[in-house]
Amino acid sequence: MSITLIPYLTWPAIDYMQTQSLDNLQLINEIQLGTHLNHAVEGGRRADFALMLALLSSDLNENIPVDATPIETQSSQQLRAYFEIPASQPLSSTPACYQRAAEQAQAFHQASLTSTRLLAQLQPTALSYPPQQTKGLPEDLFHNLSLHERRKLPPIELKPLQATPQDLYLALIKSKRLSEISLAA
């Protein structure tokens, strides 16, 4: 593709090129333009700005720096095993966290604060102990409900779906037949 440049352009980098082929002019990114792109914007020279943008390469592989991907990355579990770091502190409580918390409380009463801190670092307990058996409500709200209101709350466990693909197919056929009947009437 050979395009000639118009001689009235004021961009200094192409002033000397009265009629030069654009095949030889390869701009990969805007750094090669220097401050000419900024001066074109500030000076309101829209044609120069459009020309400079058109000269930039549209190939993303040329514009985006690509680093070589590391060959092998180690997972956090492998790094924990290598450096002998214990498991991280869980965010929410598990049944084991209650046992650990009881052991830490017992260590505090039998030994000292130092042994409690050591036990907490070796076997961390959860950061949060959400209320249990409150059917998803905050604890203070649940305890303010009467026994009759608590009994009316939906169960926490969702019942599993008792449908099979055959039941779904029969339900779809039945629905189609009913819609055909209603349209015919």
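**Helices and a loop**

Colleague: Where does E84 lie?
Modeller: E84 lies in the loop between α5 (76-82) and α6, where helices are DSSP runs of H or I with at least four residues, numbered from the N terminus. This is a predicted model, in which local features need pLDDT of at least 70, side-chain atom pairs count only at pLDDT 80 or more, and totals for chains, interfaces and linings use all residues. Residues are numbered from 1 along each chain as its sequence is written, and side-chain values use heavy atoms, with hydrogens and water left out.

Colleague: What is the phi of E84?
Modeller: The phi of E84 is positive, at about 55°, although E84 is not a glycine.

Colleague: And is E84 buried or exposed?
Modeller: E84 counts as exposed because its relative accessibility is 71% (exposed means over 50% relative accessible area, buried under 20% and partly exposed in between, with a 1.4 Å probe and protein chains only).

Colleague: On to α6, then: at what angle does it pack with α7?
Modeller: Helix α6 (residues 95-110) and helix α7 (residues 113-122) pack at an angle of about 160°, with their axes 7 Å apart; axes are lines fitted to C-alpha atoms, for helices over the stretch in contact, and angles run from 0 to 180 degrees between N-to-C directions. The two helices α6 and α7 are therefore roughly antiparallel to each other, a label for angles over 145 degrees, while those under 35 count as roughly parallel, 65 to 115 as roughly perpendicular and the rest as oblique.

Colleague: Which residues make that contact?
Modeller: From α6 they are E103, Q104, A107 and F108, and from α7 they are L113, S115, T116, L119 and A120, with contact meaning heavy atoms within 4.5 Å.

Colleague: What does α2 bring to α3?
Modeller: H36, L37, A40 and V41 of α2 meet D48, F49, M52 and L53 of α3. Helix α2 (residues 36-43) packs with α3 at an angle of about 150°, their axes being 8 Å apart, and α2 and α3 are therefore roughly antiparallel to each other.
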